[in-house]
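Reader: I am new to this structure. Please take one part, look at it closely, and then show me how the rest of the chain is laid out around it.

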Amino acid sequence: MADFGGTELDAFRADTRAWLEANYPPSLHAPMGEDDAPWGGRKMVWKNPDAKLWLDRMAERGWTAPMWPTEYGGGGLSKAQNKVLEQELRRIKARPALMSFGVWMLGPVLLEYATEEQKKQFIPGIVRGETRWCQGYSEPGAGSDLAALQTKCEDKGDHYLINGQKVWTSYADQADWIFCLVRTDTSKKHEGISFVLFDMTTPGVDPRPIKLISGSSPFCETFFDNVKVPKDQLVGKLNGGWDIAKRLLQYERQNISASGFGGGGGLDLIDVAKKEVGVDEAGRIADGDLRARIAAHRMDAHAFALTVRRAEQESRTGKGPSAAVSIIKYAAAKMNQERYELMVEAMGLQGLGWEGEGFSKDELNVTRGMLRSKGNSIEGGTSEVNLNVVAKRVLGLLDHQ
């Protein structure tokens with residue numbers, strides 16, 4: 001859709017603002033806890049019914065995927081209209097209506113690579129939050145070298161038969177469907193990989209949560225034992241999955257970068273430092289060294305936010321995200337880890353709590369979040385791999401011979 005002119009865009013803003021003010025549930029102005037995240041799907045338990053109402057209202061307008069085509073349930077908005085929608089959502093401090101790997105990663109590659117029948121089958125359920133997806137990529141022997149994956153997919157005539165194991169499968173125990181990389185040709189590495197979709201309730205699928213150092217279990221190891229997959233659930237060409245896999249990773253890294261990983265336990269870093277460390281006569285953080293490092297971090301965070309916005313605009317004017325998202329993903333991981341470390345340092349002993357009445361919920365979230373943030377430089381492509389991508393595909397450097 002072509003961008004609207006000024007008058008039409010002003011009218012769209014007025015209509016959008018009025019609709020949001022009339023339809024955003026007041027109860028959702030309260031802070032959103034981790035248990036309130038609107039992942040959707042068949043297993044979702046809505047603690048606040050208004051969160052489900054908000055999802056349904058946004059999905060009805062296609063605004064959970066505002067720039068996707070209307071024929072698949074999307075909003076069909078132009079770039080300018082989408083920017084207005086984002087601004088108006090920020091203005092009322094709206095919670096996300098839907099958090100979804102389907103929206104962030106799978107949907108964009110389905111729009112690019114899937115058949116028309118597959119688009120009609122899978123995309124509307126993503127937009128409405130009816131299907132929760134997980135990502136079957138990494139394996140015990142195929143992490144940074146993802147193309148070394150060994151999960152076997154055999155052609156059995158009227159179906160495929162899958163055997164193997166994935167690891168670090170985020171929320172696999174809560175997901176309804178999986179998009180999965182499998183090996184369909186053992187004689188070739190990259191050219192022997194295919195991209196398939198299947199229901200997690202299919203016999204032979206067994207996700208097992210992995211408990212992390214933070215105490216949570218968002219990741220799983222996922223086993224496939226003679227899993228039958230209909231042939232029409234292959235996306236793209238047989239043995240052509242590597243191109244789809246790389247494209248999806250660009251969207252994943254773009255999303256991780258845009259979110260900045262979040263964190264901080266709902267606490268403001270400067271407020272915590274002033275409370276725990278104290279202030280000088282000018283009202284500044286009393287510890288000069290800590291104050292300088294926090295100031296540097298905030299400047300980096302502001303520059304990062306501007307860079308993300310620029311990259312998003314560039315991706316919308318081109319053909320999606322480029323290899324440059326690896327730069328942003330690397331920086332996002334580094335800054336989120338630094339934020340947590342500064343927060344824990346500023347909190348002193350209060351930043352070392354694990355449980356008990358002597359610690360607030362926010363303080364405990366910071367402690368666990370700091371531990372969890374260590375995975376930021378691994379998930380979505382390790383920092384080392386992302387730096388290699390930057391060197392080769394952004395800077396054009398050649399491997400040493």
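Author: S100 sits in the loop that joins helix 3 (79–91) to helix 4 (101–113). This is a predicted model. S100 is buried, with a relative accessible area of 4%.

Start with the polar contacts of its side chain. A polar atom of the S100 side chain lies 2.9 Å from the backbone nitrogen of G102. The S100 side chain also reaches the backbone nitrogen of V103, at 3.0 Å.

Next come partners farther along the sequence. Leaving out residues up to four places away in sequence, S100 touches W39 and I126. P38 is 62 residues from S100 in sequence, yet the two C-alpha atoms are 8.3 Å apart in space.

Now another residue of that loop. K93 is also found between helix 3 and helix 4. S100 is buried at 4%, whereas K93 is exposed, with a relative accessible area of 69%. The backbone of K93 deserves a look too. Its phi is near 55 degrees, a positive value in a residue other than glycine. Most residues other than glycine have a negative phi.

Over residues 52–130 the chain is 59% helix and 0% strand. The end C-alpha atoms of that stretch are 11 Å apart. For residues 134–227, UniProt lists "domain: Acyl-CoA oxidase/dehydrogenase middle", again from an unreviewed entry. Here the chain is 0% helix and 47% strand, with end C-alpha atoms 16 Å apart.

Two cysteines come next, C134 and C220. C134 is buried, with a relative accessible area of 0%. C220 is buried as well, also at 0%. A disulfide needs the two sulfur atoms within 2.5 Å.

N226 is found in strand 7 (residues 219–230). N226 has a positive phi of about 55 degrees, although it is not a glycine. N226 is partly exposed, with a relative accessible area of 44%.

Last, a helix to check by length. Helix 9 covers residues 325–347, which is 23 residues. At 1.5 Å a residue, helix 9 should span 33 Å. Its end C-alpha atoms are 33 Å apart, so the two values agree. Just after helix 9 comes G348, with a positive phi of about 65 degrees.

Return to S100 with that layout in mind. Find the loop between helix 3 and helix 4. Then trace the S100 side chain to the backbone nitrogen of G102 and to that of V103. Finish with W39 and I126, which S100 touches.

Technical notes
Residues numbered from 1 in each chain as written. Predicted model: local features only at pLDDT ≥ 70, side-chain atom pairs only at ≥ 80, totals over all residues. Heavy atoms only, no water. Buried < 20%, exposed > 50% of the residue type's maximum accessible area, 1.4 Å probe, protein only. Helix = DSSP H or I, 4+ residues; strand = E, 2+ residues; numbered from the N terminus. Contact = heavy atoms within 4.5 Å. Polar contact = N/O pair within 3.5 Å; in protein donor to acceptor, adjacent residues only side chain to side chain. UniProt positions renumbered as here; feature names shortened; annotations may be inferred. Expected span 1.5 Å × (residues − 1).
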